[in-house]
Amino acid sequence: MRMRNRTAGAVAAGPAALALALALGAAPAGAAAGGSPAGAPGALPYAGSTGVGVHNAYERAKYPYFADALDSGAAMLELDVWTNFFGSSWRVSHSNPLGNDNNCENAATPDQLRTKSRNQNLAGCLADIRSWHDAHPGHRPVVLKLELKDGFAANLGRGPADLDALLTGKLGDALYRPGQLAAGHPDLDTAARAGAWPSRAGLAGKFIVELIPGTLEEGNSSDTLWTDREYAMHLRTLAAQGRLERAAAFPAVHRAEAGDPRARYADPSLRPWFVIFDGDASVYAGGSVDTGWYDRNHYLLIATDAHTVAPAIDSTRPTEAQARERLALLAARHATVVSADWYPLPQVLAAVVPRG
């Protein structure tokens, strides 16, 4: 329960050519040609491209170290985070709310990657990410998806502002922030609809942090302030104070539904702070949702559990042809990121195709 105050590893340090290739969405070292479409993926608008993400990339069964997940070429990597009063930090684990169970090692420098003890907290995972970033300048843009399993806990020092401080302290200029998207616009929605997302090449070397409500949070009937709404309120407040540059993450509208799913927020002033949408790929592909609406407005659309779209394919080890066909199908349905557990297929993870 939550208590809170309602106020396969590649290289560790590749040459510049590898960094540029990763930034443009090409296959990682050792992958066969054809990971990306013909032409220059880096010239695509970020919101006009589709990549492949890995669900729960912090699990050691998938990658011995989080650096290996970063080396995979994936467009998105997911971390599960716990904040409750049973522990003293932001903990990274799938099902253990009391401690850390992951492949993060808190590497302070690139040469420490794959050398230290794992099972670190979120700060340790972010340290790995920064060390990897320092070893790969100009890397591909990567979405870091944080599922806050039990939501924020501001009364324990784990609220939205605390997360901003942690992300900023660890990742700094490697973050692409809401304030950068909104620059010159009153809110994120206006900016997105104006086409303010940079090109993929313009986002080289950047991480975009996405926040979604967690499974425990959504299942807790006594919890009426979920991660998405709480962080959107935080963005609205920062913008009103002229301090939006402090924000480090983007809240996502979780779960697919027809129409504009932001209508679920009773306070209309929160709706313009959502430009990322995250839901079940099978719903987005099923015809009940006008996914073209997301594309036309340049919103990011994260399609999860891509393997479940009919006809279902293996969740972990489909053939490369099956995975590429699924990527093409969901790109045509206007997804920005197609998410699954296809970690054994680095050539697919590194693929970037035009959206729509």
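User: Why is Y176 called buried?

Analyst: Y176 has a relative accessible area of 5%, and buried means under 20% (exposed is over 50%, partly exposed in between, with a 1.4 Å probe and protein chains only). Y176 is therefore buried. The model is predicted: local features need pLDDT of at least 70, side-chain atom pairs count only at pLDDT 80 or more, and totals for chains, interfaces and linings use all residues. Residues are numbered from 1 along each chain as its sequence is written, and side-chain values use heavy atoms, leaving out hydrogens and water.

User: What about W197, buried or exposed?

Analyst: W197 is buried, because its relative accessible area is 6%.

User: How many aromatic pairs does a search of the whole structure find?

Analyst: The search finds 15. Rings of Phe, Tyr and Trp (its six-membered ring) pair if their centres lie within 6.5 Å; planes under 30 degrees apart count as stacked, over 60 as edge-to-face and the rest as tilted.

User: Why is the pair of W90 and F152 called edge-to-face?

Analyst: The ring centres of W90 and F152 are 6.5 Å apart and the planes stand at 90 degrees, so the pair is edge-to-face. Both W90 and F152 are buried.

User: What makes the pair of Y176 and W197 tilted?

Analyst: The planes of Y176 and W197 are at 35 degrees, with the ring centres 5.9 Å apart, so this pair counts as tilted.

User: Which residues do ring pairs link into a cluster?

Analyst: The cluster holds F277, Y284, W293, Y294 and Y299.
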